[in-house]
Amino acid sequence: MPQDSVHGRPVGGTENSWCRAVPGGTGIATVALLLSKPPEASILQRALRTLQNRHGLLGSKLLYGAVSNTFSFMNPPIPSLHVKSFDLSSTRNLLQTLISNPSADSVSPFHLILEHELNQNPWFNPKSSCSGTDVFFASIYALPDAKWVVVLRLHTAVCDRTTAVSLLRELIGVIRENEGGGKEGKGREGGEVSLGIEDFIPSGKAKKTLFVRGVDMLSYSVNSFRLTNLKFKDVKSPRSSEVVRLQLNHDDTHSLLTGCSARGIKLCGALAAAALIAAHSFKGSPDHHKEKYGVVTLTDCRPLLDPPLSTHHFGFYHSAILNTHSIKGGEKMWELARRTYMAFASSKNSNKHFSDMADLNFLMRKAIENPGLTTSSSLRTSFLSVFEDPVIETSDEMYKEIVGLEDYTGCASVHGIGPSIAIFDTIRGGMLDCTCVYPSPMHSRDQMQELIHQMKRLLLSAAAQNRVPYQ
């Protein structure tokens, strides 16, 4: 059985890929909360310190070794997290700067701060600090009309989506129980730096012969040049991550999920199908002219590991499965949803989430080192990324009572290497809420808003075919 390390350890293979990707702008994980109750910086900091002591990775520093060209996690005796506070005047000045971007005219202050945090990158230059860089940052912004935004920002090597969700739930639990008032004992992981995903893969699941690995990597490489992308607006200017949200009401969400269940598929199939149809309609290709699109589906491997890990085991334990889909136009939404989902399910049943992990990590690092390997040096490795399962959140009312939570979202940046659009889906109180992240100005806000509008229209039409009044 793998043993956790108290003082630190070298990064694992998947973590190393994220350490190479984050300096370029992909993998800045952000959880943003809009509150109607004023958060106390000291209380928030004590609560976060409790979680850092409970989960050693959150309190670690990321250290780069120039001689060995490797990364490692170092676990200092006392975590150095300090909550940064912006008063109303400072926030106003920041918002004025952010609003000067023409594409931000109709964007809310909460949305602007989320995008601002997605593009704050303390890991931009790994060589800048010989003592390492914190993997966890927190900020409070005061807004007009008695509102506040709390943002947690983490390096994706220590924070996949499951970690972000559990972090939020544990944080609010600590605040509720007043554990943040000075009780900073160790918790579920004993404050240790847990090991990477590769150390928990069941024996034999990741094995391939050298010949098969070579064939698979050649196939991935060749297919990547054949994949279709959304039209690039600007591939030369510096990039940042921007966000568009896709939301459905109670009844439409219920009907959509009912349709997925009736067809033996998951929501990710419907989201991928809607995105593929919408994107292909933008191409204006002649009827029946096939285009190939890449879809990456991220799956949480915790329950499949040896030993299985709980959702409170923090770190990055997701794996990616890349499928390509030929679209010719005229596809039916539910038929395509089933096709995309079954392609993913077949790959997962063949253990590709384990067996192809090293291949995809290697190709990702090679693309980062050689952007010219991607179309127009765009670093786009797929059209879309989705998660196998949505986050299901049913505690909104409790969160509202405890901290005054009015809105929140969690996502990660994609303006380095990655897809044209990454969908982070949550079902909150029975309603679908997707945070869709894209690289700008490679894609414009108008372009992505139109794509999301077309996706929503397709999802609503599909849901209407399964209309069942919500009880």
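The model is predicted, with local features requiring pLDDT of at least 70, side-chain atom pairs counted only at pLDDT 80 or more, and totals for chains, interfaces and linings using all residues. Residues are numbered from 1 along each chain as its sequence is written, and side-chain values use heavy atoms, with hydrogens and water left out.

The chain contains 13 helices and 16 strands (DSSP runs numbered from the N terminus; helices are H or I of at least four residues, strands E of at least two). Its radius of gyration, taken over C-alpha atoms, is 22 Å, close to the 23 Å given by the globule rule for 471 residues, so the chain is as compact as a globular protein of that length. The globule rule is 2.2 Å times the number of residues to the power 0.38. Of the 471 residues, 55% are buried (under 20% relative accessible area, with a 1.4 Å probe and protein chains only). Among contacts (heavy atoms within 4.5 Å) between residues at least 6 apart in sequence, 82% join residues at least 24 apart.

Three cavities of 30 Å³ or more are present. On a 1 Å grid over the protein atoms alone, a cavity is a set of points where a 1.4 Å probe fits but cannot get out; lining residues have an atom within 4 Å of a point. The largest cavity has a volume of about 80 Å³, and strand β3 (residues 61-65) supplies the largest share of its lining, three residues. The second largest cavity, of about 70 Å³, has a lining to which α8 (267-283), β10, β11 (318-327) and α9 (333-349) each supply at least two residues. V386 is one of its lining residues.

The second largest pocket (an open set with protein on both sides within 12 Å along at least five of seven lines) has a volume of about 320 Å³. It is lined by 19 residues, of which R161, T162, D300, D389 and P390 are the closest to its centre. Helix α5 (161-176), β10 (291-300) and β13 (391-393) each supply at least two lining residues, and α5 gives the most, with five.

S385 lies in strand β12 (residues 380-387) and is buried, with a relative accessible area of 11%. Leaving aside neighbours within four places in sequence, S385 is in contact with V296, P419, I421, A422 and I423.

Notes:
Grid points are joined across faces, edges and corners, and a volume is the space filled by probe spheres set on the points. Buried means under 20% relative accessible area, exposed over 50%, partly exposed in between (1.4 Å probe, protein chains only).
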